[in-house]
Amino acid sequence: MAEAEGRTESVGTVVVAGAANLAIAVAKLVAGLISGSAAMLSEAAHSMADTTTELLLYLALRRGARPADPRHPFGYGKESYVWAFLAALFTFVAGAGFAITHGVTTILVHEHTGNYLTAYVVLALSFAIESVSLARAVRQVRGESRRWGTTPRRYLRLTADTTVKAVFLEDSAALVGLLLAAAGLTLSHLTGDELYDGIASILIGVLLLVVAAILARSNISLLVGRAVSERTHRRIERELAQLPTVDRIDTLMTMFLGPEDILVAAKVDFRDDATGAEIEAASDEAERRLTEQFPEIAYVFLDPTRSRGAGRRARTTQDEPGRPVDQEA
């Protein structure tokens with residue numbers, strides 16, 4: 001139930017953001033053509049890139065939500081990361097590339113802009129619309145962070161729902177981009193020098209590069225097979241270790257199969273006197289406990305194993321030696 005609600009809210013967030021970006025892109029394009037402002041045209045490219053990104057994110061949510069079948073027994077959750085990665089790549093190539101190129105051209109050519117008033121009006125309206133879209137994304141981030149028992153900042157850093165992260169970062173970048181465009185336009189208006197307008201356009205492009213790089217890295221990590229956070233890992237391990245017939249957890253590994261699907265696999269050393277029936281009962285109890293604590297856990301696989309020696313240290317984490325692990329609040 002929580003999974004379905006979360007996916008529905010993500011779809012709503014993406015749709016709202018996409019509609020807002022499309023309307024803003026048209027307005028910015030008209031204002032950019034009238035004023036001749038490089039920063040305004042870069043913002044139009046920014047909004048068009050965001051609109052295309054929202055379409056790809058919507059496709060990611062729909063494709064990733066398909067049920068499992070014989071050819072894909074774990075479902076299609078990871079496909080959502082493919083489309084989300086393509087969305088980040090489009091932002092990198094189309095939005096950032098146009099903004100930087102156009103900014104450099106403006107600095108070199110120093111073309112005089114035309115009607116400033118239209119650009120100012122569109123910037124103000126765009127800021128108001130983007131704020132509404134960002135407010136919805138913030139509301140979802142706060143709700144999801146409460147559900148996971150962490151802070152919004154760490155939820156954004158660790159979440160496997162990259163569509164929410166993408167909308168939040170893109171809407172935040174859009175507001176910052178609007179402020180940069182307004183600053184560049186105003187300075188060019190006051191000084192008559194198009195250098196500031198061109199610089200603003202380049203800065204907007206750099207901003208898009210940063211957002212695209214963050215989203216691409218996150219999606220690549222999830223495509224490769226990212227584990228849950230260290231805190232969640234320890235909570236899962238603790239639940240398994242508290243089973244009455246369990247002596248120790250030898251190995252525990254987890255992986256996100258999609259934004260709302262987690263796989264848990266563990267090698268468990270049961271008590272030597274545990275019967276087959278007790279082991280089966282413990283396995284059922286383990287699945288019940290874990291799915292109650294974490295509704296996102298879709299699969300639990302326990303492998304009964306014998307310890308290789310009393311002094312052997314159990315492998316309880318999935319992190320690389322010497323590498324710091326992510327901690328949730």
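Two residues are in contact when heavy atoms of one lie within 4.5 Å of heavy atoms of the other. In this predicted model, contacts in the protein chain between residues at least 6 apart in sequence join residues at least 24 apart in 79% of cases.

## Overall composition

The protein chain holds 9 helices and 3 strands. Their order along the sequence is α-α-α-α-α-α-α-α-β-β-α-β. Of the 329 residues in the protein chain, 46% are buried. The accessible surface of the chain is about 15,700 Å², and carbon and sulfur atoms account for 63% of that surface.

## Helix pairs

| Helix pair | Axes come within | Crossing angle |
|---|---|---|
| α4 (residues 116–148) and α6 (residues 162–191) | 9 Å | roughly 160° |
| α2 (residues 38–64) and α6 | 11 Å | roughly 175° |
| α3 and α7 (residues 195–224) | 7 Å | roughly 165° |

Angles over 145 degrees count as roughly antiparallel. The axes of α4 and α6 cross at roughly 160°, and these helices are therefore roughly antiparallel to each other. The crossing of α4 and α6 is left-handed. The residues of the contact of α4 with α6 comprise 19 nonpolar, 8 polar and 2 charged.

Helix α6 also pairs with α2, with axes that cross at roughly 175°; α2 and α6 are therefore roughly antiparallel to each other. On the α2 side, the residues that meet α6 are Ala39, Glu43, His46, Asp50, Thr53, Glu54, Leu57 and Leu61. On the α6 side, they are Thr163, Ala166, Val167, Glu170, Ala173, Ala174, Gly177, Leu178 and Ala181. By class, the residues of the contact of α2 with α6 divide into 9 nonpolar, 4 polar and 4 charged.

For α3 and α7, the axes cross at roughly 165°, so α3 and α7 are roughly antiparallel to each other. The crossing of α3 with α7 is left-handed. In the contact of α3 with α7 there are 24 nonpolar and 9 polar residues, and no charged residues.

## Buried positions in the helices

Lysine 28 belongs to helix α1 (residues 2–35). With a relative accessible area of 1%, under the 20% limit, lysine 28 is buried. Residues up to four places away in sequence aside, lysine 28 touches Met40, Glu43, Ala44, Ser47, Val122, Ser126 and Leu178. Among these, Glu43 and Leu178 are also listed in the contact of α2 with α6.

Serine 126, one of the residues touched by lysine 28, is found in helix α4. Serine 126 has a relative accessible area of 2% and is buried. Not counting residues up to four places away in sequence, serine 126 touches Ile24, Lys28 and Leu178.

Alanine 84 lies in helix α3 (residues 79–109). Alanine 84 is buried as well, at a relative accessible area of 4%. Its contacts, leaving aside neighbours within four places in sequence, are Leu57, Ala60, Thr162 and Asn219. Leu57 is also one of the α2 residues that meet α6. Alanine 84 and leucine 55 are 29 residues apart in sequence, and their C-alpha atoms are 9.9 Å apart in space.

Glutamine 293 is partly exposed, with a relative accessible area of 40%. Leaving aside neighbours within four places in sequence, glutamine 293 is in contact with Arg235 and Glu239. Glutamine 293 and arginine 235 are 58 residues apart along the chain, and their C-alpha atoms are separated by 9.1 Å.

Methods:
Residues are numbered from 1 along each chain as its sequence is written. This is a predicted model: local features need pLDDT of at least 70, side-chain atom pairs count only at pLDDT 80 or more; totals for chains, interfaces and linings use all residues. Side-chain values use heavy atoms; hydrogens and water are left out. Helices (H or I, at least four residues) and strands (E, at least two) are DSSP runs, numbered from the N terminus. Buried means under 20% relative accessible area, exposed over 50%, partly exposed in between (1.4 Å probe, protein chains only). Accessible areas come from the Shrake-Rupley method with a 1.4 Å probe; for residues, only the protein chains shown count as cover. Axes are lines fitted to C-alpha atoms, for helices over the stretch in contact, and angles run from 0 to 180 degrees between N-to-C directions. Angles under 35 degrees count as roughly parallel, over 145 as roughly antiparallel, 65 to 115 as roughly perpendicular and the rest as oblique. A crossing is left-handed if the near helix is turned anticlockwise from the far one by less than a right angle, and right-handed if clockwise. Ala, Val, Leu, Ile, Met, Phe, Trp, Tyr, Cys and Pro count as nonpolar, Asp, Glu, Lys and Arg as charged, and the others, Gly among them, as polar.
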